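Hello,

Here is the structure I promised to send over.

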Amino acid sequence: MITMVLWGGLSPVAADEPDVIALDPAARAQTDVPPSRVTVAFTDNVKQDSATIVVKNSAGAIVSGGSFVVEGNNIYVDLDYNLPRGTYSVQYRATTVDGVPFGGSYQFAHGPGSFTDSAFSSWSGATDIPDDVRLPGDPDPADRDDSSSAAPDDDATDPAPDDV
């Protein structure tokens with residue numbers, strides 16, 4: 001059984017940033033059958049050379065096998081065969097048409113899940129890229145000037161919808 005949740009506007013940080021319109025498995029989904037892949041769909045196409053998805057189990061081991069694929073507005077990655085029951089964390093990234101990296105994270109479970117407080121979180125900007133989705137050529141986070149950084153954006157973490 002494939003679970004997909006559709007909604008718009010999860011992470012509107014930049015005006016020209018594509019919105020996430022679907023996550024499969026959905027945020028906080030609890031699947032009966034182990035999923036074979038993770039898909040993140042956006043309102044607009046994303047750049048092939050700057051998109052990625054990393055999926056980890058609760059012990060922090062990567063369970064997204066092989067390479068990821070970008071097809072138009074979808075990014076997906078295959079998962080290890082026959083995932084054991086447990087909670088999995090997904091981090092993804094893409095780049096806007098003007099070159100600004102953005103992304104987010106969420107969790108799903110195969111079987112009953114134990115989830116963190118935030119159902120879905122998002123980020124935008126080169127200095128906010130999480131290590132798991134950092135690509136060669138991204139700025140080193142140690143070079144960030146924290147004295148000029150803006151206050152945290154209260155809208156940066158949006159709850160996933162309870163019902164669709």
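Below is what turned up, going from the overall fold to single contacts.

A word on the basis first: this is a predicted model, in which local features need pLDDT of at least 70 and side-chain atom pairs count only at pLDDT 80 or more, while totals for chains, interfaces and linings use all residues. Residues are numbered from 1 along each chain as its sequence is written, and side-chain values use heavy atoms, with hydrogens and water left out.

**Overall fold**

The protein chain has ten strands and zero helices; both are DSSP runs numbered from the N terminus, with helices being H or I of at least four residues and strands being E of at least two. Of its 164 residues, 41% count as buried (under 20% relative accessible area, with exposed over 50% and partly exposed in between; 1.4 Å probe, protein chains only). The accessible surface is about 8,700 Å², and carbon and sulfur atoms hold 49% of that (Shrake-Rupley method, 1.4 Å probe; for residues, only the protein chains shown count as cover). Among contacts (heavy atoms within 4.5 Å) with a separation of 6 or more, 55% are between residues 24 or more positions apart.

**The core**

The largest nonpolar core has 26 residues, and the members that touch the most others are Val38, Phe42, Ile53, Val55, Ile75, Tyr106 and Phe108. Such a core is a set of buried Ala, Val, Leu, Ile, Met, Phe, Trp, Tyr and Cys residues joined through side-chain atoms within 4.5 Å. At least two residues come from each of β2 (20-24), β4 (37-42), β5 (52-57), β7 (74-79), β8 (86-95) and β9 (101-110). Strand β8 gives the most, with four residues.

**Aromatic pairs**

The whole structure contains three aromatic pairs (Phe, Tyr or Trp rings, the six-membered one for Trp, with centres within 6.5 Å; planes under 30 degrees apart are stacked, over 60 edge-to-face, the rest tilted). Tyr88 and Phe108 make a stacked pair, at 5.5 Å centre to centre with 20° between the planes. This pair links distant parts of the chain, with Tyr88 in β8 and Phe108 in β9, 20 residues apart. Tyr88 is buried at 2% relative accessible area, and Phe108 is buried at 0%. Phe42, Tyr92 and Phe102 form one aromatic cluster.

**Salt bridges**

How many salt bridges are there? The count is four, taking a side-chain nitrogen of Lys or Arg within 4 Å of a carboxyl oxygen of Asp or Glu.

- Asp78 and Arg37 meet at 3.3 Å, N to O. Asp78 lies in β7 and Arg37 in β4, so this pair ties together parts 41 residues apart in sequence. Asp78 is partly exposed at 37%, as is Arg37 at 32%.
- Lys56 and Asp132 have their closest N and O atoms 3.0 Å apart. Lys56 lies in β5 and Asp132 in the segment after β10 (120-124), so the pair ties together parts 76 residues apart in sequence. Asp132 is partly exposed, with a relative accessible area of 35%.
- Asp131 and Arg134 have their closest N and O atoms 3.6 Å apart. Asp131 is exposed, at 60% relative accessible area.

Best wishes
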